[in-house]
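Student: I would like to work through this model by question and answer. Please set out the terms as we go.

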Number of protein chains: 2
Amino acid sequence: MTAEIWDVIIVGAGLSGLSAAHLLRKRDAKLRILILEGKDRVGGRTMTRELPAAGGVDRWDLGGQWVGSTQTHILELIKELGLEVYPQFRTGKKVHHMGGPTSKVRTFRSSIPTLSPAVLMDFTQLLWKIDRLCATVCVQDPSRTPNAVQLDGMTLHSYLEQHAWTAELKEELGLGSRAVFGVEPSQMSFLFFLMYAAAAGGLLPLLESTPGSAQEFKIKGGTQQLSECLAERVGWKNVRLGSAVTAIWQDAEWARVATAADTFLCRAVIVTCPPHLAAKIHYEPALPSQREFLTQSMPVGHMIKFIITYQTAFWREKGFSGESVAGSSTECPFCVTFDATSPNGNAALVGFISGQQASQWTSKEPEERRKAVLSSLVKYFGPEAASFIHYEEKDWAKEEYSGGCPVNVMAPGLLTYYHPSLRRPCGRIHWAGTETATQWCGYLSGAVQAGQRAALEVLAEVCHVTLTGEEQEVLRCSQTVNGPAKQTSSSKLLCLFTSKSVVIATLTLSSVLLLARRHDALTNIKAYLAGAFSTRKLDFLGL
Amino acid sequence: MTAEIWDVIIVGAGLSGLSAAHLLRKRDAKLRILILEGKDRVGGRTMTRELPAAGGVDRWDLGGQWVGSTQTHILELIKELGLEVYPQFRTGKKVHHMGGPTSKVRTFRSSIPTLSPAVLMDFTQLLWKIDRLCATVCVQDPSRTPNAVQLDGMTLHSYLEQHAWTAELKEELGLGSRAVFGVEPSQMSFLFFLMYAAAAGGLLPLLESTPGSAQEFKIKGGTQQLSECLAERVGWKNVRLGSAVTAIWQDAEWARVATAADTFLCRAVIVTCPPHLAAKIHYEPALPSQREFLTQSMPVGHMIKFIITYQTAFWREKGFSGESVAGSSTECPFCVTFDATSPNGNAALVGFISGQQASQWTSKEPEERRKAVLSSLVKYFGPEAASFIHYEEKDWAKEEYSGGCPVNVMAPGLLTYYHPSLRRPCGRIHWAGTETATQWCGYLSGAVQAGQRAALEVLAEVCHVTLTGEEQEVLRCSQTVNGPAKQTSSSKLLCLFTSKSVVIATLTLSSVLLLARRHDALTNIKAYLAGAFSTRKLDFLGL
């Protein structure tokens, strides 16, 4: 059996691998590039499908779907490929259900739920603390963050136990963890959480659909198009589907890449699959043990995404935005829903069953899961929710060559000891995939950034192409230490303080804090606040 | 290519796999059993080698080496195979070096280091708390432990930060974590730590070499003999070395097991390799996602073990036991050493570079590592340490088909969500390996227990052999809930209180605690104790 010879082989035809291939091709049209993909499609964790809809059929994303205006890498790619974005619909009331199955379902109009004064205080102080910590994180090398060993030695759960005062806020942030990462706060390092937020510009951008946030825009026609357009440009003949890589051998001259059926020779390999799948490839010589230890503790999140199409966007007619959040203490299986009406006007809702809830619901019958989802939607948006056109769901844990969504997190103790091996090339092997990004790590934009960075490494080190100053800067930024991240949502937080209610609340909090500096006093603060504000709610940010 | 047909295929010829095979063979001599092993030897994480010694050559263990009198499974096997144990030598002074490279090297004779009164108090209260928590742990199903979500949501590091008062005790327990698990306290769930200790009868048995503890006895001729004797009994023709399993397919009738060269058919498979390696096998149909998520967060420890042979046991002559412990703040690369003189009288020391220290030292030149080890031994035991006969080391992270030692730990959040999939069979696949044990999990004895339990599962479910009442009880105990573990070291702790010094110290502590119930008061306690006892040390337990 003679092996085919290529210049660069890319493992994975997701957005990261195809972005790498695209950049390589643009910089050197003669490069022979082969992309090997286990799935029978391109797109990785993006996947667009036609579903029955009010107007016949339309396209929806069953995987990654959002982009934001601060996500420069993906926006440039969208522009280059001639695609268009449209804003996430967010006009109207949002539903908020926390505190147990029998608790009242509330609505709010601001970007942050209408919280009781005590919880609001709590949220304000916690956001303030987290944002200040985010500002100290060195995304390129988190081990250089002040107090890194402490921050990486604890879980997000532990941090919340210590620094959130109210059970309600803990439930809110558990929901946030589930919605953003697909895991529970107990499953990730607090330093990893901070790094992830810092790479996105702060905590709020992760959670919101406001300008600059992660859930700002969607792509007309779906996100899988990005990979399809890139495959078109790179050449479909260079993309082999159904070709999962099982082994990579390296010697002084070649890297040899094997699938079940073939073996290929090349000068460089870019591995873009998620860390837990990269760990399943057989490497010879073995990878450095630091790299092995890293990928042994980077579990992927668990998300089941559903799209439900309707005859009309009845929720809009009733003044709802379609957004709902539900805590794990309720009987609701999902953590969050959004309006998913298509640019063509085909009405739909999208939602996520995630983390612990995905664990509980994954093994149940589809019919039972659907019934539970619809029952909650009826509770939140009215009986019209039961009369849908089509119900589609995608359990990413069951998708071969993904095994989970949206992202791999890091367990405690990894960043301080093994982080450098996340991006450090191993001989002819270079690492991409959104988990290796330093800007919007975990998002579509991070996938593009990481792919481009890996391509530049290969161009410089293997193809001996002279990089431009700008390109050199890209490599330098992702591999050396640049000091703490600057852009955080602190400034955003300051804006919150212009709200009158918050000023009152904060002043009250400050006075109480001045009077009682002891930890024990927190109980008193809660009691005081509960008394002072009685059951009246501050319509936070909604003034 | 026609596939060979077997009744049971066992993946891994370590102690667990061979114990399973041995039990299967004993219960049904006609069973066709095949054991497939990636390495070119049996024994897994046990490995005995001949090394140059004072009397020519002798045998030492480069992997697992200790057994204890409460480890019934391994002791019965040792007896059955006609092997003999001998006690770990522990007479004489022990070396204790903590608190930075320039701090004084101290010696002690008790089983617990000579600690300052404050640290002693701290240790006493912490051990008391941990032992009380251990007593509440349900080893069979840790998610049923009271407060499981909280305990599993934090790392051991977080627990120590919250409950250990002195920096010195934190350093001691960091050392304990490294020596026992090969990982740092930040890398494991606190509930996992409690479960592991509960499965061993408490925390002290993990740390000590006293009767009933993990480091009590060694096996004459080395521990790899266990696997060699078992392979002999099972029949070497049924053991295929150099045959790493790459894939397991299942259908209604068969399990098909593939190596790079062959495919085998069988009725049942027992997978015994460590979880991070079991995760690399390709399974069809895919394993339940719960199982995948579990093995994505069970990193293996990192240990580099060294054996140094000498002309004479000069340390004994100087009144040392050979035991030394060194904190990570010192410049010493190892965390612990012991006397390793063979039953034939060939003098040797054994030591471990572990956890964070293994990470730092693994990539250095062997010569540099050896120099650092010897330099510390000279500091601790005198200049004779430099004149050795042979220096042998084994970096388990670099051992193919092990990738680390001694055990896989669990990151936070696993036990509460995914634990049942640790032992739950997946169709025709049954799980063994020491990580799946419920008694002395992580030890040789746990490997035997787990292998025997998996063999019983196969006998009952696949071979339809009627199990004895005792055997049924074994299955019941490992798979159902039996309530909290009973046997802990609490009783041992009570004995400590008979020591006069400890009574005085405890009374002092109690009074101060009664006077000051607040958290802030701890600072005062420390100041008070420091003043009251000045620099005088209590020779704890050495009275």
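Tutor: Helices (H or I, at least four residues) and strands (E, at least two) are DSSP runs, numbered from the N terminus. The model is predicted, so local features need pLDDT of at least 70, side-chain atom pairs count only at pLDDT 80 or more, and totals for chains, interfaces and linings use all residues. Residues are numbered from 1 along each chain as its sequence is written, chains are lettered from A and ligands numbered from 1 in the order written, and side-chain values use heavy atoms, without hydrogens and water.

Student: Which strand of chain A holds Val245(A)?

Tutor: The strand in question spans residues 245-250 of chain A. Val245(A) therefore lies in strand 12.

Student: Which residues does the UniProt annotation "binding site" cover?

Tutor: The annotation comes from an unreviewed UniProt entry. UniProt positions follow the numbering used here, feature names are shortened, and annotations may be inferred rather than shown by experiment.

Student: Is Ser16(A) buried or exposed?

Tutor: Buried means under 20% relative accessible area, exposed over 50%, and partly exposed in between (1.4 Å probe, protein chains only). Ser16(A) is found in helix 1 (residues 15-27) of chain A. Its relative accessibility is 4%, so Ser16(A) counts as buried.

Student: What does Val245(A) contact, beyond its neighbours within four places in sequence?

Tutor: Contact means heavy atoms within 4.5 Å. Val245(A) is buried, with a relative accessible area of 12%. With those neighbours left aside, its contacts are Val11(A), Leu36(A), Val257(A), Ala258(A), Thr259(A) and Ile281(A).

Student: How are helix 1 and helix 9 of chain A oriented to each other?

Tutor: Axes are lines fitted to C-alpha atoms, for helices over the stretch in contact, and angles run from 0 to 180 degrees between N-to-C directions. The axes of helix 1 and helix 9 (residues 224-234) of chain A come within 9 Å and cross at roughly 30 degrees. Angles under 35 degrees count as roughly parallel, over 145 as roughly antiparallel, 65 to 115 as roughly perpendicular and the rest as oblique. Helix 1 and helix 9 of chain A are therefore roughly parallel.

Student: What classes of residue make the contact of helix 1 with helix 9 of chain A?

Tutor: Helix 1 of chain A contributes residues including Leu15(A) and Arg25(A), and helix 9 of chain A residues including Leu230(A) and Arg233(A). Ala, Val, Leu, Ile, Met, Phe, Trp, Tyr, Cys and Pro count as nonpolar, Asp, Glu, Lys and Arg as charged, and the others, Gly among them, as polar. The contact has seven nonpolar, three polar and two charged residues.

Student: Where do helix 3 and helix 6 of chain A meet?

Tutor: The axes of helix 3 (residues 117-134) and helix 6 (residues 167-181) of chain A come within 9 Å and cross at roughly 55 degrees. That makes helix 3 of chain A oblique to helix 6 of chain A. The residues that meet are Val119(A), Asp122(A), Phe123(A) and Leu126(A) in helix 3 and Glu168(A), Leu169(A) and Leu173(A) in helix 6.

Student: Which residues does Ala200(A) contact, leaving aside its neighbours within four places in sequence?

Tutor: Ala200(A) is found in the loop between helix 7 (190-198) and helix 8 (204-207) of chain A. Ala200(A) is buried, with a relative accessible area of 4%. Its contacts are Pro205(A), Leu206(A) and Trp440(A).

Student: What share of the residues in chain A is buried?

Tutor: Chain A has 20 helices and 22 strands. Of its 543 residues, the buried share is 64%.
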